[in-house]
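Thanks, everyone. Let me put the structure up, and then we will walk through it.

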Amino acid sequence: MKIYNTLGHQLEDLVPLKDQSLRIYSCGPTVYDYIHIGNLSSYIMVDSLKRVIALNDFKLNHVMNFTDVDDKTIARSQQQYPGNDSLEALKELTQHYRQIFLSDMQVIGNDASSTTYVSAIANIPDIQKLITQLYHDKFAYIADDGIYFSISKYQESGKKYGQLTKIDAKNTAQQRIQNDEYDKDNVHDFALWKLQKGDEPAWQFDLDEHQLLGRPGWHIECSAMSTTNLGLPFDIHTGGVDLIFPHHENEIAQSTAGNESSLYAKYFMHNEHLLVEGRKMSKSLNNFYTLRDIIEKGYEPIAFRLMVLQTHYRKQINFSWDNLEAAQNRLNDFRLIADIKWQLINDKAPELNFADYKTAILKALSDDLNTPEALTIVSKVSSDIIENLVSPNQRSEFHQFLSFLDAGLGLSLSNRPDITNDQKQLITERQTARGLKNWDQADQIRQQLTDQAIELRDTSFGAIWSHVEPAQG
RNA sequence: GGCACGUUGGCCGAGGAGUUAGGCAAAAGUCUGCAAAACUUUUUACACGAGUGCGAGUCUCGUACGUGCCUCCA
């Protein structure tokens, strides 16, 4: 299995650091609002990664964090719960959006159950421990408004700041230097701990003789939670491309300062952003969507998943309603095929080589998650099946194939139910009516089934049914 | 200004030197009790300019454009 490693900017074989087990850390959502479809695409990538890893017989341990202590969650919690204790308000707000996030994961087809979720609020002692260590090792210093990480000290220790990107003072935006009013040694130095301002939620932090009531910075949260849960170094770190700098760069620095090795995570995987009609999603452009908008327009979350999988994760996806419509249609076609597993009525159907298809799909997925290629193969199989159905001899192979597709792509094709005996009876009655050329009765029965969300099409092998999805808006 | 990734037919998108995916949409036709499906057709597209090659969407260089990052962001 190969993946593209941002560390080194090349495709690499995926080889676990130890045993056959992969430890993965994903930067999760900031839980202050509904997540948007761009966030979702990012988590679909992580989910695909986990699926492919499992299909390649690796074990895995996946940790994802909720960013629950940051400017946005604090601001929103105070706005939403004015007058409450600020920490209670923060917990209330973030808990609320955590639940919504988990439910979004589920409807989008992401397997959230195999993930360990962590959050800053619950891990303040670990975060403080790491800061204390950095401070004692002289990689951190106390300034007017908090504790900062010293990049120059890190560099003096012989380590490179900028393992993922080329960083130097020249490529710092002019604006940043002008706006930099903080008491920092170096413009790139970043906060590990921020002293309390106003009535922000704050935690007591006794660092040697200093009493530093405050809260952690964003970067240190991830550094502390990843390594306490997965150890150091761990295997794979994931996130959107926007996190490469400074977030992941800073995590590397914090986690490796003072260590012999500068290895934090062996592989970094970053997904490209989702664009809307070719432009960045933003509230001011009025092109900012959440899963709720998709559902309201009558599309299924799983169709959005298919749309995301149709594009390679390292390419920008262009979201548009037309594309989503196309994906929804393609999904409906796949489902048509899936429903055929209950009606293998053509015993002359040519043998399909499911083993070869599986091999080809797994190969595509194992090549840096080439989901578009895998879907192409699925479409090929579909067109074979639509033509001649599947021979009853291949019943179990076909069922296994559908399960395999679900394991790899998560499109829920294998768990579609059979129709009821009454419905089967109706189909038989209709066939009898058709035999007698009693078209009125035949059409009436078809209408009856249509009302029960079952669609019929007459083929040379007989009537084939399929479950119809909810009407589109 | 620095760094990075892109630019493929009506739309979306793989492919990464020779054979030329796939999906979606539209139109016409074949088939059909109706409906649907399927099939056929709608003259093979790769930003532009150079270069290397017997041969270039595919490699090199340049140009243009797009998108992102450069203190928050998936």
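Predicted model: local features only at pLDDT ≥ 70, side-chain atom pairs only at ≥ 80, totals over all residues.

Chain A averages a pLDDT of 89. In that chain, 95% of the residues score at least 70. For the complex, the predictor gives an ipTM of 0.87 and a pTM of 0.94.

The largest pocket has a volume of about 850 Å³. It is lined by 32 residues, and the closest to its centre are His 36, Asn 39, Lys 72, Asp 242 and His 273. Which element gives the most to this lining? That is α1, with five residues. α1 spans 37-55. β12 (234-240) and β14 (274-276) each supply at least two residues as well. By class, the lining of the largest pocket has twelve nonpolar, 13 polar and seven charged residues.

On to the second largest pocket. Its volume is about 630 Å³. Here 27 residues form the lining, and Asp 71, Phe 190, Ala 191, Lys 194 and His 219 are the closest to the centre. Two or more residues come from each of β8 (191-195), β11 (214-216), α7 (218-230) and α8 (244-256). α8 gives the most, with four. By class, this lining has eleven nonpolar, five polar and eleven charged residues.

Last, the loop residue. Ala 122 sits between β5 (115-119) and α4 (124-136). Is Ala 122 buried or exposed? Its relative accessible area is 61%. The cut-off for exposed is over 50%, so Ala 122 counts as exposed. Ser 282 is 160 residues away along the chain, and the two C-alpha atoms are separated by 31 Å.

How values were computed: Residues numbered from 1 in each chain as written. Chains lettered and ligands numbered in written order. Heavy atoms only, no water. Buried < 20%, exposed > 50% of the residue type's maximum accessible area, 1.4 Å probe, protein only. pLDDT = per-residue confidence, 0-100. 1 Å grid on protein atoms, 1.4 Å probe; cavity = no way out; pocket = protein on both sides within 12 Å on 5 of 7 lines; lining within 4 Å. Points joined across faces, edges and corners; volume = space filled by probe spheres on them. Nonpolar A, V, L, I, M, F, W, Y, C, P; charged D, E, K, R; others polar.
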